[in-house]
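Please keep the structure open while reading.

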Amino acid sequence: MNKIFALAGVVIKELYRRKDFYVLFVLTALLTLAAAAMNFFHDEKIVRYVKDICLLLIWVSALLVAIVTTARQIPAEREARTIFPLLAKPVSRGQVIVGKFLGCWLATGVALAVFYFFFAIITGSREHIWPLAVYLQALWMQWAMLAIVIAMVLLGSIYFAAPSSTVTICFIAVAGILGLGTHLHVIALQQPEPMQTILTAVYFTMPHLEWYDLRDFVVYDMGLVSWPGFALATLYAAVWTGIFLLLAWLGFRRKNLTT
Amino acid sequence: MKFSPPLTLVALLALAFTLATGLASRADHWSRRDKSGNLFGMLFGDGRKLFANQFFTMADVYFHSGYYPSIFDRAGKESEIAEVSHGHTDSPDDEIKEDFLGKPLDWIDAFGRHFRITQHTHLEHHTEREILPWLRLAADLDPQKIETFTVGAFFLREHLNRPDQAETFLREGLRNNPDSCEILFELGRLYHESRHDLDRARNVWELGVRKFLALPLPQQKDDKLVLEELVVNLANLENEAGNYGQAINWYLAAQKLSPNPAALQEHIDQLRKKLAAQIPVAPGKLY
């Protein structure tokens with residue numbers, strides 16, 4: 001377990017040495033503050049559009065941090081040939097996969113915590129209410145979703161040729177699931193065969209990332225999501241993360257690292 | 001020939017300056033972006049109108065606190081903020097129709113509803129203010145979208161009790177759409193209902209009727225509802241002002257437009273009775 005945490009620690013250090021997170025955070029902060037500074041009909045109490053914009057930026061930034069950081073982990077180790085001394089420690093390939101995953105996930109969690117802290121400060125200063133439980137639930141669900149995404153990207157980075165292709169394909173997949181996931185069955189039912197069966201199969205077999213988007217609950221002050229639903233969604237995220245990590249390990253175990 | 005960088009630079013700057021003085025007046029005609037009067041017009045040109053509809057829809061989404069059909073659930077329904085601004089209130093049947101989610105299709109859909117807003121609610125108690133940013137943006141992006149001004153002014157006046165800002169917003173709409181009967185109708189409502197200024201309301205509504213009659217015939221057919229609203233409100237106003245004869249004339253005009261002329265006939269009969277009861281005072285009795 002120590003080896004896994006050591007690997008994860010290296011990934012976290014890498015995140016705060018690189019500029020990606022800082023750039024995205026400054027951009028999010030600037031855009032949110034600019035939106036908050038706008039005056040609509042001289043009404044100081046209007047706040048939901050600021051929450052909406054800030055959360056959208058947080059979602060985009062967190063996805064960027066998670067996907068870009070994860071996609072380059074194993075290819076970078078291979079390219080720099082540091083993978084060989086790493087595996088000679090001795091560290092098993094499975095531990096490399098889990099360590100890289102844990103590092104990326106924890107690093108993304110730290111980034112998310114900073115983003116949500118900023119969000120809470122901005123909205124609290126305008127609304128004068130602090131629904132911390134709602135924010136924490138939204139943060140946890142987003143982080144759980146990012147666990148699936150990070151594991152998926154790690155799997156992609158084993159099979160795809162370059163980090164750029166991994167990033168592009170994973171972004172399209174995640175955006176597709178978030179945008180169409182809920183509606184895919186409705187769309188499928190409107191299609192002729194065999195498309196109907198294919199889309200229905202995709203709907204039932206894909207990870208439903210859209211469940212983890214609680215932005216509407218935060219923006220429209222709808223309170224907390226039911227705790228049993230919350231717990232089951234967390235379990236679902238853990239299962240999908242496990243599936244992707246297992247597939248990544250199976251691929252990495254047989255991978256020829258010299259080519 | 002010896003090449004001198006500073007001289008070449010000066011020569012190029014002089015050439016650029018000379019060309020700019022010649023081209024500036026012509027370039028004015030090449031694009032109308034910078035004359036649009038706002039940032040969006042300058043950035044997007046006419047493409048900004050594409051976003052205006054989206055922002056108007058966002059106002060409707062906010063009005064429903066996120067309970068809103070997607071493009072896959074929606075079938076060409078009018079936005080509810082527009083319906084509310086025309087005085088529509090939801091009946092129990094409407095509430096059932098607006099339950100676009102229906103029963104879950106499968107277990108994934110059922111479980112996913114834990115994480116979606118599934119209650120049909122409307123903003124109330126002054127939280128309606130949350131729709132205003134989207135309406136403001138929609139108005140900036142497409143100043144020719146009349147509905148934005150009428151809906152925004154309605155919520156400012158009726159729900160947020162801010163008739164001054166409603167009037168300013170409507171006047172802005174009127175500057176951009178000087179022939180709009182809808183904006184004149186809403187402005188008349190503002191004078192009538194919020195300011196209780198019958199004369200200004202009458203003037204504005206009568207101008208609205210004149211503007212409507214100046215429209216081409218096909219457009220008149222499409223916008224018949226606004227004429228009906230103008231005429232009925234003018235009739236009510238004249239009735240309120242005690243001008244029963246004029247009120248009868250407007251009700252008679254409204255009968256030709258209304259889907260329910262019998263209801264208006266009752267008003268006309270009552271007014272005729274009131275008119276008959278008005279006994280003129282003989283001048284001789286005064287002295």
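Chain B is divided into domain 1 (35-178) and domain 2 (179-275), with bounds that come from an automatic or database domain assignment. The model is a predicted one, in which local features need pLDDT of at least 70 and side-chain atom pairs count only at pLDDT 80 or more, while totals for chains, interfaces and linings use all residues. Residues are numbered from 1 along each chain as its sequence is written, and chains are lettered from A and ligands numbered from 1 in the order in which they are written.

Taken over C-alpha atoms, the centres of domain 1 and domain 2 of chain B are separated by 27 Å. The contact between them takes 14 residues from domain 1 of chain B and 9 residues from domain 2 of chain B, where two residues are in contact if their C-beta atoms, placed from the backbone, lie within 7 Å. On the side of domain 1 that touches domain 2, helix 8 (146-159) and helix 9 (163-176) of chain B each supply at least two residues; helices (H or I, at least four residues) and strands (E, at least two) are DSSP runs, numbered from the N terminus. That side of domain 1 divides into 9 nonpolar, 3 polar and 2 charged residues, with Ala, Val, Leu, Ile, Met, Phe, Trp, Tyr, Cys and Pro counted as nonpolar, Asp, Glu, Lys and Arg as charged, and the others, Gly among them, as polar.

Chain B as a whole has 16 helices and 0 strands, and buried residues make up 31% of its 287 residues. A residue is buried if 20 or more other C-beta atoms lie within 10 Å of its own, exposed if 12 or fewer, and partly exposed in between, the C-beta atoms being placed from the backbone. Helix 11 (residues 198-213) of chain B has 16 residues and reaches 22 Å from its first C-alpha to its last, close to the 22 Å expected at 1.5 Å a residue, the expected span being 1.5 Å times one less than the number of residues. Among the residues buried in helix 11 of chain B are B:Trp205 and B:Phe212, and the cover over its buried residues includes helix 10 (181-194), helix 12 (217-222) and helix 13 (224-241) of chain B. B:Asn249, found in helix 14 (residues 244-255) of chain B, counts as partly exposed because it has 16 C-beta neighbours inside 10 Å.

Chain A has 12 helices and 0 strands, and 38% of its 259 residues count as buried. The contact between the chains takes 20 residues from chain B and 23 residues from chain A. Helix 6 (107-112) and helix 7 (132-141) of chain B are the elements that give two or more residues to the side of chain B that touches chain A, and that side has 9 nonpolar, 6 polar and 5 charged residues.

The largest nonpolar core has 121 residues, and those with the most contacts inside it are A:Ile148, A:Val149, A:Ile150, A:Ala151, B:Ala59 and B:Trp134; such a core is a set of buried Ala, Val, Leu, Ile, Met, Phe, Trp, Tyr and Cys residues joined through C-beta atoms within 7 Å. Its largest share, 16 residues, comes from helix 7 (residues 132-159) of chain A. Domain 1 (35-178) and domain 2 (179-275) of chain B both give residues to this core, so the core lies between them. Not counting residues up to four places away in sequence, A:Val149 touches A:Leu63, A:Ala66, A:Ile67 and A:Val174.
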